[in-house]
Amino acid sequence: MPKQDRGRDLIRIYEMMLKIRLFEERVISLYPKEEMKTPVHLCVGQEAIAAGVCRNLTDKDYVFTNHRCHGHCLAKGMSMSSIMAELYGKRAGCCKGKSGSMHLSDPDKGILATSAIVAGNIPIAVGAALSLKLRRRGGIAAVFFGDGAADEGAFYESLNFASLKKLPVLFICENNFYATNSRQETRQPLDNIFKRGGIFGIKGFRCDGNDAVKVFDLSRGLVEKIRKGSGPYLMECRTYRWKGHVGPDCDFEKGCRPKYEHDAWVKRCPVRKLEGILLKKGALTGKGIENMRRRITREITKAEKFAKKSRFPASSELYDDVYWKE
Ligand SMILES: Cc1ncc(C[n+]2csc(CCOP(=O)(O)OP(=O)(O)O)c2C)c(N)n1
Ligand SMILES: [Mg+2]
């Protein structure tokens, strides 16, 4: 990749990470008003993975995400207003106010469906990749899931089938070391998620999920190979969520994890890390970052206003767009 393009990519990745962070922070500040009638699983601290991977994807590619999906959806190009309106349960939301936070979708942007069933999105991604291959349509499927999803049988069945059929799919495990409040070592005898495709012939890689440059470089190489017909790859990105499993509080406040652990990861903030790199290279200036923040904040405020003034779906629309009819 020419040097200049790479520099541009890293700036765009930084901008996306900042957008995700500021969006989640706005949700945190609005949530206590209890106007969003949906659980929210926030991705503060994990932004580098969504932004780094999705920078290598196009509208032709699919993304399948899970309950912690805001960052992936923003990074795949979904409109912020349609996400915010969905959180408010409004008709102008991406799913007409019926999905809430955990089932965001936007087929035009390649987000066909989002599943909150842990690991449920993985076989769906594999099915979509099979369809891409059969239709010779080009494009790949990228699926984001947590370390908790690696406990599920569906993960292994999906790896097996994807490898068997050499499907264009990238498996991305966001290992934040917890599934709800259970630590990884209380659930898994070995800390080796990236190796678990090995028995099916899938190569796996591990990287620092708080280092956007590493995530971008690793996923770029894998996406290129998958596009050329290599079949699937698995990457494990090690990271940490700063907020509780669900909602805007911190887990250490509830005694679910030690504060020192949380504080150590906050010091390794992925946004600050990339910011430091770009400032040092002279690719960004303090003033440039300030302007970027202002622009994003305006976009978020616009999305909030849009969501608040949109209307709720009418009760007569309850069964529209669902399979079940009275
Ligand atoms: C099949 C299934 N089992 C349990 C749950 C309840 N649940 C929702 S999220 C979650 C933890 C998921 O952990 P992980 O996959 O590591 O994702 P993270 O929340 O850490 O991002 C659980 C157990 C569920 N939604 N689906
Ligand atoms: Mg987890």
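Guide: Let's start with Thr180, which is partly exposed at a relative accessible area of 41%. Buried means under 20% relative accessible area, exposed means over 50%, and partly exposed lies in between (1.4 Å probe, protein chains only). This is a predicted model, where local features need pLDDT of at least 70, side-chain atom pairs count only at pLDDT 80 or more, and totals for chains, interfaces and linings use all residues. Residues are numbered from 1 along each chain as its sequence is written, chains are lettered from A and ligands numbered from 1 in the order in which they are written, and side-chain values use heavy atoms, leaving out hydrogens and water.

Visitor: Where does Thr180 lie, and what is its phi?

Guide: Most residues other than glycine have a negative phi. Thr180 is not a glycine, yet its phi is positive, at about 50°. Thr180 sits in the loop between E4 and strand E5 (182-183). Here helices (H or I, at least four residues) and strands (E, at least two) are DSSP runs, numbered from the N terminus. Ala119 also has a positive phi, near 75°. Ala119 lies in the loop between helix H4 (80-87) and H5, and is buried with a relative accessible area of 3%.

Visitor: How do I read the sheet, and in what order do its strands run?

Guide: Look at which strands pair, meaning that DSSP finds at least two bridges between them. The open sheet has 5 strands in the order E1-E2-E3-E7-E6, with parallel pairing. Strand E1 (62-64) and strand E6 (204-208) are the edges, each pairing on one side only. On average, neighbouring strands are turned by 20° against each other, direction ignored. Axes are lines fitted to C-alpha atoms, for helices over the stretch in contact, and angles run from 0 to 180 degrees between N-to-C directions. E6 pairs with strand E7 (residues 233-238) over 5 bridges, and Asp208 has Arg238 in E7 as its bridge partner.

Visitor: Which strands does helix H5 lie across?

Guide: Helix H5 (residues 121-134) lies across E1, strand E2 (141-146) and strand E3 (169-175), and runs at about 175° to E2.

Visitor: Which residues hold the magnesium ion (ligand 2)?

Guide: Look for donors, which are N, O and S atoms within 2.8 Å of the metal (3.2 Å for Na, K and Ca); water is not among the atoms, so sites may look incomplete. Here the ion is coordinated by Asp147 (OD), Asn176 (OD1) and Tyr178 (O), at 2.1 Å. Asp147 lies in the loop between E2 and helix H6 (153-164) and Tyr178 in strand E4 (residues 178-179), so this pair ties together parts that are 31 residues apart in sequence. Asp147 is buried at 1% relative accessible area, and Tyr178 counts as buried at 4%.

Technical notes: Contact = heavy atoms within 4.5 Å.
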